[in-house]
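This briefing is meant for someone meeting the structure for the first time.

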Amino acid sequence: MIPEQTHWHHFSTDATLKQLNSSTSGLSQEEAQDRLNKYGFNCLPAAPRRSELIRFLQQFNHILIYVLLGSAVITAMLSHWIDMLVILAVVMANAVIGFVQESKAEKAIDAIRQMLAPRATVLRSGERQTVESEKLVPGDIVLLEAGDKVPADLRLLKSHGLQSQEAILTGESMPVEKHVEAIAVETALGSRSCMMYSGTLVTSGQGRGIVVQTGVSAEIGRISSLLSEIETLTTPLVSQMEVFAKWLTITILLISGLLLIFGYYFGHRDVAEIFMAVVGLAVAAIPEGLPAVLTITLAVGVQTMAKRNTIVRRLPAIETLGSISVICTDKTGTLTRNEMMVTSVLTARHFFVSEGIGYEPEGILKLDGQRVDPAEHSILESLARAAALCNDAALRQHDGTWVVEGDPMEGALLALAGKLDVDANQERQTWTRTDTIPFDAKHRFMATLNHDHMHHAMILVKGAPERILTMCSRQLAAEGTEQIDSGYWHEKAGSIAALGQRVLAFAMKSVEPQHTVLEYADVENSLIFIGMVGMIDPPRPEAISAVRECRSAGIHVKMITGDHAKTAAAIGKQIGLNNDVSVLTGADLDGMDDHALKLAVMNCDIFARTSPEHKLRLVMALQSNGLIVAMTGDGVNDAPALKRADAGIAM
């Protein structure tokens, strides 16, 4: 077997091929079948399911129900048939309501449970073919392109502009650039740029990787295995009910024993007579209606939550929600929309703020807090045209919601073009793309050559600001062009980056209409710098108001994310966390023992670059301080903490 802790990101491509006894042409069919028999299928083992009978019988597993059943037996012995039927009816009603609600929740959860890619494109004996992803084995060569869901953990062998969305594992909202160079052993999961992980999504580019881990040995499988080791805590209501039922039973038995002794020795009553009287008194003292009242009350709460699109898997969780003292929340997709949006637009003279909703190509532009018309600033049209043409993504409206096909950052640029009153589709029809230099992590820019029908041609470039600035000699201004002020742009880029935003720069160059082939030499030193944009995964408006309501109710909110510290701090400030200055990273947590973490977790509200293990430790540290903890999240990396929390809320 291949060791699960092998640091594949530290292996060179040749060393990886040698270690897995494979080649760039892939495995033979015979070898693939042998490895499938050895390593097993590339899928997560299904959780053992309880039969419907077991789930129904477990509704009776409570000390108060035992007492009620005992009282039903005694009332039957006393021939009090009506009382017996009433008690049994209460017990059955309690069980049926709980069983029906849990069954609805299980069916709803089953309907949304799907993670791994169904099929994968591989090389077998040098031939390209499509296989079921569950039949992938270590040593297989997998071909990747934009839109693919990664079928197993891969060590990349080739990468051409490859980027992946890894939010489900790392919590990082930005697509991650990939390359093939080996990196340091201690590199965190979110920074392993030569690896692709099962369940993540390829957003752009093409690549080729070798399968290094499958099934439970993959990163997503490791998290699944971690779940089985976590103890699920009982809810406050269940704990209180168990204590109440225990003491009620002891009290009833004690009083009954005293009455029996008093009646026989001091009242000189017949044993049978006093026994029947004491039994009747004991049965009368049992609150037969309490379980039913509790269950019905909780069921009403479940129905209310269902109207708000919330599935409650266990009835007592409703009460736990009312006892919460701290909420630990993931960032990406929970506090934020998991949709990139341009919020900052910078030209040579002005700094604009763009507002809108997701990828919707409509919104407003503000300058110094005042709404402005984009037409009043001609540079914005040039920037919007560059954003629309030097772009491989597309925006589509689906069921009233705008979605992006391709790189989320490029989708945000298309939305910006619409906000600047430039129709991206019309621009693409007017300016036909003739040639392109695709984005690559080495040169850190993308360039396109476009021609219109009026015999005009131009080169448009976008990329990292520090790279684009070296390719420009002049900058665009309202009255034409002028000598570029690199110091100004570097300063502004740093200011935007400090807000947790990803910064992109744009440049252009007019060429002769006969120019039809785009080469690196065409973009080296003679471009005109247009401007820059800053984009971020913005917070949900409802999240901001929810945090405000939690604070007013005395509930602390803490953000735990796998994203970068600057981005986490920026979002923390926008949503209004108590302490939006102090940030602890996963590396900081690794340096703390449990006692130090128990103290630190009370004074910090933002935790960044965290792994599933870090999130689990943080939840347990808060619980060790006597707090009732709720955990919300939407990624696989949140699952262990969701299970351990007093209330787990999966988005």
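Two strands are said to pair if DSSP finds at least two bridges between them. In this predicted model, strand 13 (residues 394-398) and strand 14 (residues 401-405) meet that condition, since they are joined in the antiparallel sense over five bridges.

**The hairpin**

- Within this pairing, Q397 has W402 of strand 14 as its bridge partner.
- The hairpin of strand 13 and strand 14 has two residues between the strands, and D399 takes a positive phi near 55 degrees there.

**The nonpolar interior**

- As a general background, nonpolar side chains in soluble globular proteins tend to be buried together.
- The largest nonpolar core of this model has 41 residues, and those with the most contacts inside it are V342, V345, L413, F506, I530, V533 and M535.
- Both strands and helices give two or more residues to this core, namely strand 9 (341-346), strand 11 (363-367), helix 13 (378-389), helix 14 (408-419), strand 17 (457-463), strand 20 (502-511) and strand 21 (527-536).
- Helix 13 provides the largest share of this core, with eight residues.
- When residues up to four places away in sequence are not counted, V345 touches H350, F351, F352, L380, L383, L416, M532 and V533.
- A second, separate core consists of 27 residues, among them Y488, I496, A507 and V511.

**A nonpolar patch on the surface**

- On the surface, I261, F262, Y264, Y265, F266 and V271 form a nonpolar patch, and together they have about 680 Å² of accessible area.
- Helix 8 (residues 236-266) supplies the largest share of this patch, five residues.
- I261, which is found in helix 8, counts as partly exposed because its relative accessibility is 45%, a value that falls between the 20% limit for buried and the 50% limit for exposed.

**A loop residue, D634**

- D634 lies in the loop that runs between strand 25 (629-633) and helix 23 (639-644).
- With a relative accessible area of 32%, D634 is partly exposed.
- Which residues are in contact with D634, leaving aside its neighbours within four places in sequence? They are D330, T332, G333, T334 and M651.
- D634 and A182 are 452 residues apart along the chain, and their C-alpha atoms are separated by 30 Å.

Conventions:
Residues are numbered from 1 along each chain as its sequence is written. This is a predicted model: local features need pLDDT of at least 70, side-chain atom pairs count only at pLDDT 80 or more; totals for chains, interfaces and linings use all residues. Side-chain values use heavy atoms; hydrogens and water are left out. Patches are made of residues with over 30% relative accessible area and no salt bridge: like charges are joined within 9 Å, nonpolar side chains (Val, Leu, Ile, Met, Phe, Trp, Tyr) within 5 Å. Accessible areas come from the Shrake-Rupley method with a 1.4 Å probe; for residues, only the protein chains shown count as cover. A salt bridge is a side-chain nitrogen of Lys or Arg within 4 Å of a carboxyl oxygen of Asp or Glu. Helices (H or I, at least four residues) and strands (E, at least two) are DSSP runs, numbered from the N terminus. Buried means under 20% relative accessible area, exposed over 50%, partly exposed in between (1.4 Å probe, protein chains only). A nonpolar core is a set of buried Ala, Val, Leu, Ile, Met, Phe, Trp, Tyr and Cys residues joined through side-chain atoms within 4.5 Å. Contact means heavy atoms within 4.5 Å.
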